[in-house]
Amino acid sequence: MPDRVDRIIEQWNTEKPSLDVSPMAVIGRLSRTALVVESRLARTFAQHGLDAASFDVLATLLRSGAPYRITPLGLAHEAMISTSAVAQRLNKLESRGFVVRRANPDDGRGTLVALTDAGKDLIETALPDHLETERAISAALSSEEQAVLAELLQRLSAAASI
């Protein structure tokens with residue numbers, strides 16, 4: 001079934017027949033899919049009073065395991081974001097009572113970020129709904145197709161990171 005990307009490729013092939021625009025078939029669909037998926041996930045996060053950034057921090061803290069605390073630098077590394085982005089996210093979550101920053105007993109100058117009980121309750125409530133949204137989206141593919149796509153996306157991500 002033709003889609004908007006097919007139309008774009010057709011237009012480029014007509015306008016610039018000497019150019020190979022075939023990469024647009026993958027990258028165009030990948031970009032459009034990411035936007036649609038992010039929008040769908042955002043609706044799920046909003047049901048819990050969260051956005052993607054807040055969910056990411058709370059989920060990273062939860063998956064770090066008890067006692068659900070990590071250094072801001074560790075959080076940046078685990079969530080694959082900049083340290084300035086971490087600070088902004090932590091300020092927002094701390095003001096809502098979902099995380100606290102405490103002195104790091106192993107580093108007199110450093111801090112640890114920890115989930116509060118409210119933050120833990122929130123992420124444990126939101127996580128199943130998030131996973132269900134992801135499951136509903138990926139259900140268009142068989143489990144074998146999902147595994148192949150995950151591997152292919154991993155390869156594309158590595159290639160794009162060069």
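**Exercise 1: the largest pocket**

Task: work out which helices line the largest pocket, and which one gives the largest share.

Solution. Start with the helices: H2 (23–46), H3 (52–63), H6 (117–138) and H7 (143–160) each put at least two residues into the lining of the largest pocket. Helices here (H or I, at least four residues) and strands (E, at least two) are DSSP runs, numbered from the N terminus. A quick word on the source: this is a predicted model, where local features need pLDDT of at least 70 and side-chain atom pairs count only at pLDDT 80 or more, while totals for chains, interfaces and linings use all residues. Residues are numbered from 1 along each chain as its sequence is written, and side-chain values use heavy atoms, leaving out hydrogens and water.

The lining has 23 residues, and Thr33, Ala34, Val37, Ile137 and Leu153 sit nearest the centre of the pocket. Sorted by class, that lining is 16 nonpolar, four polar and three charged. (Ala, Val, Leu, Ile, Met, Phe, Trp, Tyr, Cys and Pro count as nonpolar, Asp, Glu, Lys and Arg as charged, and the others, Gly among them, as polar.)

**Exercise 2: H4 against its partners**

Task: find how H4 is set against H5, and then against H3.

Solution. Take H4 (residues 72–79) and H5 (residues 83–95): their axes come within 9 Å and cross at roughly 105 degrees. Axes are lines fitted to C-alpha atoms, for helices over the stretch in contact, with angles running from 0 to 180 degrees between N-to-C directions. So H4 is roughly perpendicular to H5 (65 to 115 degrees; under 35 is roughly parallel, over 145 roughly antiparallel and the rest oblique). Pro72, Leu73, Leu75 and Ala76 of H4 touch Thr83, Val86 and Leu90 of H5, where contact means heavy atoms within 4.5 Å. These residues split into six nonpolar, one polar and no charged.

Now H3: its axis and that of H4 come within 10 Å and cross at roughly 105 degrees. H3 and H4 are therefore roughly perpendicular to each other. Asp56, Val57, Thr60 and Arg63 of H3 meet Leu75, Glu78 and Ala79 of H4, and this contact has three nonpolar, one polar and three charged residues.

Conventions. On a 1 Å grid over the protein atoms alone, a cavity is a set of points where a 1.4 Å probe fits but cannot get out, and a pocket is an open set with protein on both sides within 12 Å along at least five of seven lines; lining residues have an atom within 4 Å of a point.
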